[in-house]
Amino acid sequence: MIRTDRPASPGPRPGGRILVDQLLAHGASRAFCVPGESFLAVLDALHDVRDRLPLVVCRQEGGAANMAEAWGKLTGEPGICFATRGPGATNASIGVHTAYQDSTPMILFIGQVGTDFVEREAFQEVDYRRMFGQMAKWVASIDRADRIPELVQHAYHVATSGRPGPVVLALPEDVLVQVADVPDARRYLSAQAAPSAAQLERLGALLSQAERPLLLVGGSTWGDASRASVQAFARRFGLPVACAWRFQDAYDNGDALYVGEVGIGVNPKLGARVKEADLLVAVGVRLGEMTTNGYTLVESPTPAQCLVHVFPGADELGRVFRAELPIAAGNREFAAALDGLAPASADLPARWSGWLADAQRDYADWRVPRAQPGSLSYPECVLHLERTLPHDAILTNGAGNFATPVHRFHRHRRHKTQLAPTSGAMGYAVPAAVAAALAHPDRVVVAFTGDGDFMMTGQELATAVQYGANPIVVLVNNGIYGTIRMHQEREYPARVYGTALRNPDFVKLAQAYGCHGERVTETAQFAAAFERARGAGTPALIELVIDPQAITAGQTIDEIRAKALAARG
């Protein structure tokens, strides 16, 4: 029987209560915020449902927004964040930008001046449509309490349909106390496109003609079944598989067909292989600047490779690259359709077996670190964790050169184990790790951060302590803004300015927050220190003191400077 029933109104309610009831109706299980007087009515309504919808109160709105973004990545449901108007909104914007570039479902609710004060530049008033218009999928203001169910339902639908992303809803203060008699919305349903039979047939034909194919996968909207389908497809065809930058958990890195990550610090041989491929099948990958190495591995507008581009947002297809076969489809929908695709002949995989073997050998060589300056080898620490962490451990990182060895030397075996900002936003690691530890208290969560990166949002360790989340923070301290220093030496060798840092005592700082803290200065000390951190029963911080010369896993500062000076004659 076709269902035609409609929820009945529970009776007159203030807008704040209506809003919270919609979050419950749509399945929200946690919200993140920094409290503000502009949404007191929402806080009051959340008080009554704190056992069903717990609220995590953060120390800064950037931390709250990053936690909500990480929650959206992990769960596939929109991460929920509340911020107050004006300054709170601007602080939270970093998480919105990350969610947009990473295609993460998220909803940011922002307090707003009352409708009677709008357009007067009232206290902390901002026009959010103009402010967030380019970094969110949809921005709106809820100006009537009786429309809250409609607009919140639409926010959920937009955030999760097609290419997922952030939505911003402004909450005028007077609307939150306005009373309305309106029924709740029914739980949202997202919509995704799927490939057609003709498109799959064309993909099969292109594969049958290829000599040097490469499968490139990415995006965060995968599940166990879809990853298994893609892996089975790759094995049927014997395809070498690479992952897009900071989406390494889209494919099992321990699989024999996996040949590395394509992004910043790409293995030069893998980068050359992307360019040499005659068929590039990119699934769930936006093919942005970082993954294409500044649009050089794949050229715009006409790639040298025959490009099959599968992406959930149709607007992205053809935006930069003209694909031979553009397919608007969700990752899961495309993966399910692959189950019926088989090689045209049994000997097809043998055609490129040499191409695959060379890629496998290059990847194995790439994972052997070279000797590092100083007494502590950071790559060896990462390799130790790769060997000893459980496969479901969740790794987070912010932005900086410290992240590159994690991507290079750690192999992600399961989905939902990597939280990293493709937007390159500093300060992501710690709040993302707090969210991950709250979502999965039974799993090991490790945040990789640099000294500069940590100081952006490290105060969220106080949030971790308050809510019983126990991530382990590995803080790589070289006393500089490493990435900027690296570029500075390349572009203006020996003219160092503005990149040195004078840091606090990170161990004492961690202990002041109520965390376990240790300093490691030698490689041999790391394994035992990590085990102590893992058993501490509190959040933990391990400071790795590395030689500033170890600016990357492959080059020292002196080598970068010498090369730059030589190029200038």
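Analyst: A salt bridge here is a side-chain nitrogen of Lys or Arg within 4 Å of a carboxyl oxygen of Asp or Glu. Before going on, note that this is a predicted model, in which local features need pLDDT of at least 70 and side-chain atom pairs count only at pLDDT 80 or more, while totals for chains, interfaces and linings use all residues. Residues are numbered from 1 along each chain as its sequence is written, and side-chain values use heavy atoms, with hydrogens and water left out.

Searching the whole structure turns up 26 salt bridges, and a few deserve a visit. In one of them, the side chains of Arg361 and Asp358 meet with 2.3 Å from N to O. These two sit three residues apart in helix H12, so about one helical turn separates them.

Now for a bridge with a longer reach along the chain. Arg370 pairs up with Glu559, their closest N and O atoms being 2.8 Å apart. Arg370 is in the loop between H12 and helix H13 (378–388), and Glu559 is in helix H21 (residues 557–567), so this pair ties together parts that are 189 residues apart in sequence. Both partners are partly exposed, Arg370 at 35% and Glu559 at 34%.

Helix H21 takes part in another bridge too, through Arg561. Glu489 and Arg561 have their closest N and O atoms 2.7 Å apart. Since Glu489 belongs to helix H18 (residues 482–491) and Arg561 to helix H21, the bridge connects parts that are 72 residues apart in sequence.

Arg273 does it over the face of Trp355, with 4.8 Å to the ring centre.

Rings meet each other as well. Rings of Phe, Tyr and Trp (its six-membered ring) pair if their centres lie within 6.5 Å; planes under 30 degrees apart are stacked, over 60 edge-to-face, and the rest tilted. That rule gives 10 aromatic pairs. One of them is Phe233 with Phe237, a tilted pair with 5.1 Å centre to centre and 55 degrees between the planes. Both belong to helix H8 (residues 224–237), four residues apart, which is about one turn of the helix. Each is buried, Phe233 with 2% relative accessible area and Phe237 with 1%.

Next, Tyr258 and Tyr363 form an edge-to-face pair: 5.3 Å between centres, with planes at 90 degrees. Tyr258 comes from strand E11 (residues 258–262) and Tyr363 from helix H12 (residues 353–366), so the pair ties together parts that are 105 residues apart in sequence. Tyr258 and Tyr363 are both buried. Elsewhere, Phe39, Phe82 and Phe109 make up one aromatic cluster.

Most residues other than glycine have a negative phi, and most peptide bonds are trans. Tyr295, though not a glycine, has a positive phi of about 60 degrees. Tyr295 is in the loop between E12 and E13 and is partly exposed at 36%. Pro301 is found in the loop between strand E12 (279–283) and strand E13 (306–311), and a cis peptide bond joins Ser300 to Pro301, with omega about 0 degrees. Lys416 is another non-glycine with a positive phi of about 60 degrees. Lys416 is placed in the loop between helix H14 (403–409) and strand E16 (418–419), and counts as buried with 16% relative accessible area.

Definitions and conventions. Buried means under 20% relative accessible area, exposed over 50%, partly exposed in between (1.4 Å probe, protein chains only). A charge sits over a ring if NZ of Lys or CZ of Arg is within 6 Å of the ring centre and within 35 degrees of the ring normal.
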